[in-house]
Every structure is written in structure tokens, then in C-alpha cells.
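Visitor: Hello! Could you help me learn to read a structure, one feature at a time?

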Amino acid sequence: MKIDVEGLEFSYNGVPTLKNMNLNVNKGEFLSIIGPNGSGKTTFLKCINRILNPEKGSIMINEFDLDKLHRNDIAKQVGYIPQAERGAFPTTVFDTVLMGRKPHINWVPTSRDLDIVVEVMEMLDLSHISMKNINELSGGQRQKVIIGRALAQQPEILLLDEPTSSLDLKHQLEVLDITRDQADNDVTVIMSVHDLNLAARYSDKIIMMKDGEIFHAGGPEILTPENIEPVYDVSVDVHRTGEQIWILPKKLNKATELKADNNGYRNNRLRAQRVPGTC
Amino acid sequence: MGQSSILDLYKKDIGKKLVFGVSILIFLIILMSFAVLVGPVNIPLPEILSVLTGQTKSGMAYHIIWNIRMPQILTAVIAGAGLAISGAVMQSVLRNPLGSPFTLGISHAAAFGAAFAIVILGTGTTHSSGDVVNINNPYITTISAFMFSMISTGVILALAKYKQASPETMILTGVAIGSVFTAGISAIQYFAEDTAIAAIIFWQFGDVGKTSWTEIGLITAVVVPLSLWFAYNSWNFNALNSGDDTAKSLGVDVDKLRIKGMVISSTVSALIVSFVGIIGFVGLVVPHIVRKLIGGNEMLLLPFSFFTGSLLLLISDTVARNIISPEVLPVGILTSFLGAPLFIYLVIKGREYW
């Protein structure tokens with residue numbers, strides 16, 4: 001599905017978090033959002049899912065105004081994988097994946113719902129732990145279960161908020177391979193991510209955000225030292241081997257260290273006002 | 001593992017849990033029949049049967065069975081069910097294992113409301129004489145108890161709605177409100193006359209033996225349809241377990257569900273407490289027991305909590321009626337005695353989720 005974002009603005013308690021965001025993502029495209037902590041990545045993802053209601057601007061999904069859609073209808077089309085999730089009470093892997101059928105379930109799950117759950121679990125290789133409590137799983141397995149839940153929604157848009165940040169190497173690649181597969185099957189993917197190398201490797205498009213604004217947008221080729229340094233305040237080396245782009249951080253910018261001292265008070269105050277858990 | 005085998009495993013699992021639910025139900029029915037048979041007054045079985053089949057329509061046995069034992073059993077069943085399911089819903093909408101009518105201050109607010117009616121509105125003193133304590137206008141007492149519990153709920157909900165209070169804040173507020181009302185009860189008692197104090201204390205003992213048939217009808221008419229609403233929303237509650245953001249992403253209107261769930265579960269428990277007094281721990285412990293036995297799926301948790309609540313309160317009441325025969329112990333005292341250690345046991349044993 002095609003996503004068109006126009007003039008999107010959002011603020012937490014009067015502090016602007018997103019400023020005039022404009023963006024188009026095509027069907028089956030894999031878009032990565034990169035940028036420092038607090039740049040508005042999570043807020044942006046939550047707006048696309050209407051977990052947060054933007055103050056200004058419009059988000060169109062296949063020409064439909066998101067604002068006019070019922071929450072349950074959005075849930076039938078948009079799957080969301082949050083940054084961190086912890087259930088209040090224990091649930092099994094099967095029940096968690098089945099939860100993805102929630103937008104389609106009225107009273108009890110149908111056999112079609114169960115079949116979809118089984119299919120997703122087979123695909124993600126979760127069958128052998130289907131009756132386990134998800135709190136007993138490793139971080140990597142739990143993340144796969146959460147992805148399974150989103151896939152059980154059979155979404156046409158997949159939103160992932162730093163899906164790899166707490167995973168080991170193997171699970172990072174596994175999770176992103178699954179996600180890439182979805183994009184190759186015409187699911188539109190938007191993912192926020194900190195690892196620039198992974199972003200370079202998996203994405204069709206990348207946007208760089210800073211202070212609630214899009215700094216640069218384009219293909220992985222926008223990952224140049226000239227673009228990265230002002231956004232992250234870190235100087236980097238960029239290497240290319242064949243198709244793949246490698247970003248190696250060198251050191252903090254001198255200028256940043258000085259600026260940080262001067263602006264320390266203001267920045268801390270701004271940060272304190274932000275709602276926790278957003279980035 | 002083959003495609004069918006996960007599904008088989010899942011279906012077998014659900015089947016096992018359903019067997020548990022049906023056993024609870026069967027056990028409940030057996031216990032209800034047993035509870036008709038026993039009591040401080042010994043009635044021979046043939047006499048009981050002739051009363052139940054309608055052959056005997058008068059006399060002491062008839063009176064005891066139809067006007068004392070039956071209403072008491074049915075009150076225990078419906079009150080236990082209502083308290084347990086509303087506790088389960090509170091835990092679920094607040095995403096907190098401490099949710100219950102007790103911890104949210106509803107019980108204490110009701111007790112204060114009753115004390116207020118007895119002393120200030122004078123519903124409990126006029127006909128008291130000797131050691132017989134009479135509440136001469138039970139309806140005003142009950143209505144006042146209900147009103148005050150709804151006030152306590154209202155404060156918590158207003159905080160949630162207008163100050164965006166988190167579920168944790170809501171529980172802490174409930175605890176605080178509970179202690180304010182406890183202080184209020186002490187204050188009223190300090191200034192009240194002896195007979196009024198006796199009436200207040202008598203009211204506070206949770207006792208399923210003081211309800212009439214009409215009152216049972218009223219409680220049932222409220223508890224059953226609202227419990228069906230809970231069951232209908234079980235998938236919404238399931239989604240809420242994964243967190244507010246996830247629930248929203250799955251199509252749940254979280255804020256509305258939380259407010260509605262709180263209003264309805266508070267109404268159910270306030271109504272029950274207003275009629276039967278404080279019965280602690282049923283609302284808190286039963287959902288935990290059920291969760292421990294069959295897991296957290298609300299689709300099963302809610303109905304099974306409903307019946308397990310009935311069962312637990314009926315067992316407690318049958319024991320309380322007979323343990324120091326011919327004295328009859330109010331069941332609220334027993335549930336608190338049993339519930340607190342049981343709760344501590346669950347906290348220590350069932351730590352996997354808090």
C-alpha cells in the first residue's frame with residue numbers, strides 16, 4: 001500500500017516533536033528511518049498507526065485519509081512492532097500470535113484464524129515453542145513472536161520500531177530477512193533503526209531525521225560522511241564493498257562536545273518534558 | 001513439527017482447560033446441593049426432599065430451606081461470581097495484579113456509605129433493642145453504600161480521564177481513598193451511639209445470609225448481563241495485556257475500554273458489597289488462582305473466574321455456617337482469614353508475572 005504523508009506535525013506537551021514532515025512510500029518499499037535518540041522516529045511511526053493523533057497534516061493510505069478510518073480497519077491493514085513490550089500477565093506463544101487476528105475476530109477465532117496462526121508460526125520457525133509462555137523466551141525468540149503477531153494481522157503495511165536493538169547478530173539478520181521478505185511480497189515496510197549498516201543493507205529508501213524534521217531522504221547512497229556528521233555529531237568513515245555500504249564511527253565531533261556544555265541545561269529540560277519511551 | 005500438530009496441541013490445550021471449567025461447574029452444582037442439606041439446624045434428608053419437591057409447603061423445614069438456606073446459597077453463588085469476574089476485569093484493564101474491589105477502595109467506600117446512612121440518616125438505630133441489631137431501612141443503607149462506592153470510582157476515573165493517570169496511579173489512588181473512608185468510618189463510630197456502632201459493625205461483616213429473594217433477583221439481573229459484556233470483550237482485554245500501544249495497533253480503543261471496564265466492574269462490585277457487606281479477597285485471589293491453573297487467556301479466564309468465584313464463596317460460606325455450629329460465622333471473616341495467606345502464597349509461588 002502507498003503511504004502519503006503531508007505536513008505532519010506533532011508535539012508532546014507543547015514541545016514540537018515532528019515538524020512539517022512530508023513523505024511518500026510506495027507499495028512494497030522498505031523504508032528505514034534513522035536519526036539520533038529523540039529525533040522523532042517513534043513518534044512518526046505511532047502517527048502512521050494512529051496510536052498518536054497528529055495535530056496537523058494528513059496521512060493517506062492508498063488515497064484513504066487515515067483520520068477517517070476506524071481503528072479496527074487500520075488494524076486490518078497496518079501491523080506494528082513496538083520498541084519494547086512486556087505483558088502484564090503470562091500468555092503463550094500461540095495466543096500471542098493469535099492476538100494478531102484480533103481485528104478480524106468477533107467472538108471466537110474461526111478455523112481460518114487458527115490456520116493463519118499456524119502458517120505464520122511455521123514460517124517463523126516457532127512451532128516447537130508454541131505452548132510456551134512468552135516471558136520465558138529469549139529476547140530474539142520473543143521478538144520473532146511479536147513479529148508473528150503482526151504478520152498474523154496480514155497487514156499491507158508493517159511498522160517496526162527498532163526491531164533489532166536488543167538482538168544478537170543472528171537474530172538481527174533473521175528478523176530483517178523476514179521483514180525484507182515481506183517487502184518483496186508487496187508489503188510496505190517502515191522501520192526505525194539505529195544500526196546504519198543494517199539500514200544500508202536492507203532498505204530501498206532511507207530518511208534521516210533530526211529534531212523532528214527530515215534532514216535527508218533518498219536511497220542508501222545518502223549515507224555519506226557529509227550527511228551523517230551533522231545529524232549525529234559524530235565523524236564517520238564510509239566504505240563500499242560492491243553493493244554494500246559500511247559506516248564506521250570514528251569519534252565525537254569536537255564542536256559537539258563544546259556545544260553540549262553550553263546547551264546542556266536547555267537540552268536536559270527539553271528531554272525531561274518528553275514522554276518516556278519515545279525516541 | 002507438522003502443520004496439524006501445532007493445531008492439535010492448541011486444541012488439546014483448550015480442551016483440557018474446558019474440562020477444568022466444566023469440572024468447576026459440576027463441583028459447584030454438587031456443592032450447592034450439599035449446602036442445602038447442612039446447617040445449624042439438622043433436617044432429615046426425606047424432609048428436605050419433600051420440601052424441595054413441593055410436597056411440604058409449610059413448617060420449619062420449609063421455612064429454613066426456602067427462606068434461609070436457598071437465598072443464602074444463591075447469594076453466595078452470584079456474589080462470588082460477580083466479585084471474581086469484576087476483579088479479573090479490573091486486573092486486566094489496569095494491567096496490574098493488584099486490581100480488585102478491595103484495593104480500589106470500593107469496599108471501604110461502601111462501608112462508609114452504610115455507616116453514614118446508619119448514623120447520619122438514622123436508618124439503623126430506632127428499632128435496635130437488646131442484642132438484636134436492626135437496620136430498619138436497609139434500602140437507604142444499601143443505596144448510600146452504593147453511592148459512596150461510585151464516588152470513589154468516580155474520583156479514580158476522573159483522575160484517569162482528565163489527568164491521564166496511569167493504571168498504577170489509579171490503584172494508588174484507590175488505596176488512598178480506601179484509607180480516607182476507613183478514617184471516616186472511625187470518625188462516625190467515635191461519635192455514634194452504641195446501637196449504631198453495633199449496626200455499623202454488623203453491616204461490615206460480609207454476610208451472604210441477609211439478602212431477600214428480591215435482592216438476589218436484583219443482583220442477578222445486574223451481574224449476569226454485565227458479565228456477558230465482559231465475556232464479549234475478552235479479546236479486547238487480551239489485547240490490552242500486551243500494552244496500550246499494542247492494543248491500539250490491534251484496533252482496540254484503549255481509553256474507552258479502560259473507562260468502560262472500570263465503570264462496569266466497579267458497578268458490579270459496588271452493588272454486591274452494598275447488599276452483602278465487605279467480602280475481601282474473592283475479587284483479588286480468584287482471578288489469580290484461575291490464571292495459575294489455566295493461563296491468562298481472557299476468553300477462558302473471565303467465565304472460569306465467574307464460576308470459581310461462586311465455588312470459592314460457597315465453600316467458604318458453607319464452612320462458615322457449620323464450623324462453630326450452632327453459631328453462624330459471617331463469611332467475610334472467613335474469606336479474609338483464608339484469602340490473605342492464599343494471596344501471600346500466590347505472591348511467593350506465582351512470581352512469574354510481577
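Guide: Gladly! Two residues are in contact if their C-beta atoms, placed from the backbone, lie within 7 Å. This is a predicted model, where local features need pLDDT of at least 70, side-chain atom pairs count only at pLDDT 80 or more, and totals for chains, interfaces and linings use all residues. Residues are numbered from 1 along each chain as its sequence is written, while chains are lettered from A and ligands numbered from 1 in the order in which they are written.

Visitor: How many residues does the contact take from chain B and from chain A?

Guide: Chain B gives 28 residues and chain A gives 30 residues. On the side of chain B that touches chain A, α1(B) has the largest share, six residues. Helices (H or I, at least four residues) and strands (E, at least two) are DSSP runs, numbered from the N terminus.

Visitor: How do I read two packed helices?

Guide: Two packed helices are described by the angle between their axes and the distance between the axes. Axes are lines fitted to C-alpha atoms, for helices over the stretch in contact, and angles run from 0 to 180 degrees between N-to-C directions. Here, the axes of α4 (residues 106-119) and α6 (residues 167-191) of chain B come within 8 Å and cross at roughly 25°. That makes α4(B) roughly parallel to α6(B) (angles under 35 degrees count as roughly parallel). Among the contact residues are B:F112 of α4(B) and B:F181 of α6(B).

Visitor: And strands?

Guide: Strands of a sheet pair through backbone hydrogen bonds, either parallel or antiparallel. In chain A, four strands form an open sheet in the order β2-β1-β4-β5, with antiparallel pairing (two strands pair if DSSP finds at least two bridges between them). The edge strands are β2 (15-25) and β5 (64-65) of chain A. β1 (residues 3-12) of chain A pairs with β2(A) over seven bridges, and A:D4 has A:N24 in β2(A) as its bridge partner.

Note on methods:
Parallel < 35°, antiparallel > 145°, perpendicular 65-115°, else oblique.
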